[in-house]
Amino acid sequence: MSTVLVVATGTGNSLFAADRIGHDHLFFAEDLISGKATFPDDMDRLGIIFPVYCGGIPSAIQHLVSDVLSSRDNSGLGYIFAIATNGGLPLNALSDLDRELQDHGLAMSYGAEVRMPDAYLPLQKKAVSNDKAREIAAKAEEKLRIIASEIESEKIE
């Protein structure tokens, strides 16, 4: 039995979050999609950690679910959780992922979002200051401690 984390990351915010969640294996979504990596047979808990892109899930996560998860035997998979990292609002990202999972016979047990320093500069007048980024990261650290505890106890939400 093992907990597997799958991460899609662009700037590193989602990898930062993944490093704070207990796991036995960590894979990048792209490696699973390309076949460079495969899920372990004893996976019973799956975590998907990703940045919010345009209010939704990145295409790598959509392909992970539709191409990789849908083509394997998931009967031993008992708990699926997701963490959406975002610079502003998570909008529909978690519900989009849950809907994608349901379309392939799976369901999310737990979902949470974490605000991280925003890396999408076109929407900002200037880059986030170092002080503001540290403040946001400190709040994210605290929230991730709570999320990690809830995941460990297999909270349903």
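A: Start with burial. Buried means under 20% relative accessible area, exposed means over 50%, and partly exposed lies in between (1.4 Å probe, protein chains only). Phenylalanine 27 and phenylalanine 39 are both buried.

Q: Before we go on, what kind of model is this, and how are residues numbered?
A: It is a predicted model, with residues numbered from 1 along each chain as its sequence is written; local features need pLDDT of at least 70, side-chain atom pairs count only at pLDDT 80 or more, and totals for chains, interfaces and linings use all residues. Side-chain values use heavy atoms, and hydrogens and water are left out.

Q: How many aromatic pairs are there?
A: Rings of Phe, Tyr and Trp (its six-membered ring) pair if their centres lie within 6.5 Å; planes under 30 degrees apart are stacked, over 60 edge-to-face, and the rest tilted. That rule gives 2 aromatic pairs here. One joins phenylalanine 27 and phenylalanine 39.

Q: Which residue lies over the face of phenylalanine 16?
A: A charge sits over a ring if NZ of Lys or CZ of Arg is within 6 Å of the ring centre and within 35 degrees of the ring normal. Arginine 20 does this, at 3.7 Å from the ring centre of phenylalanine 16.

Q: How many helices and strands does the protein have?
A: Helices (H or I, at least four residues) and strands (E, at least two) are DSSP runs, numbered from the N terminus. The count is 5 helices and 5 strands. Along the sequence they run β-α-β-α-β-α-β-α-β-α.

Q: Which residues touch the most other members of the largest nonpolar core?
A: A nonpolar core is a set of buried Ala, Val, Leu, Ile, Met, Phe, Trp, Tyr and Cys residues joined through side-chain atoms within 4.5 Å. The largest one has 30 residues. Val6, Phe39, Leu46, Phe50, Ile61, Leu97 and Leu101 touch the most other members. Two or more residues come from each of β1, α2 (29-34), β3 (43-51), α3 (59-68), β4 (79-86) and α4 (93-103). The largest share, 5 residues, is from α3. A second, separate core has 18 residues, among them Ile21, Tyr79, Phe81 and Tyr110.

Q: What does serine 2 contact, beyond its neighbours within four places in sequence?
A: Contact means heavy atoms within 4.5 Å. Serine 2 contacts Asp24, His25, Pro40, Asp42, Met43, Asp44 and Arg45. Serine 2 lies in strand β1 (residues 2-7) and is buried, at 3% relative accessible area.

Q: What share of the contacts joins residues 24 or more positions apart?
A: Such pairs make up 73% of the contacts with a separation of 6 or more. As for burial, 45% of the 157 residues are buried.

Q: What is the radius of gyration of the protein?
A: The radius is taken over C-alpha atoms, and the globule rule is 2.2 Å times the number of residues to the power 0.38. For 157 residues a compact globule would be near 15 Å; the protein has 15 Å, which agrees. Its C-alpha atoms fill a box of roughly 45 × 30 × 25 Å along the principal axes.

Q: Where is cysteine 54, and is it buried or exposed?
A: Cysteine 54 is in the loop between β3 and α3 and is exposed, at 88% relative accessibility. Its backbone is worth a look too. Most residues other than glycine have a negative phi. Cysteine 54 has a positive phi, near 50°. Glutamate 154 also has a positive phi, of about 55°. Glutamate 154 belongs to the segment after α5 (130-152) and is partly exposed, at 36%.
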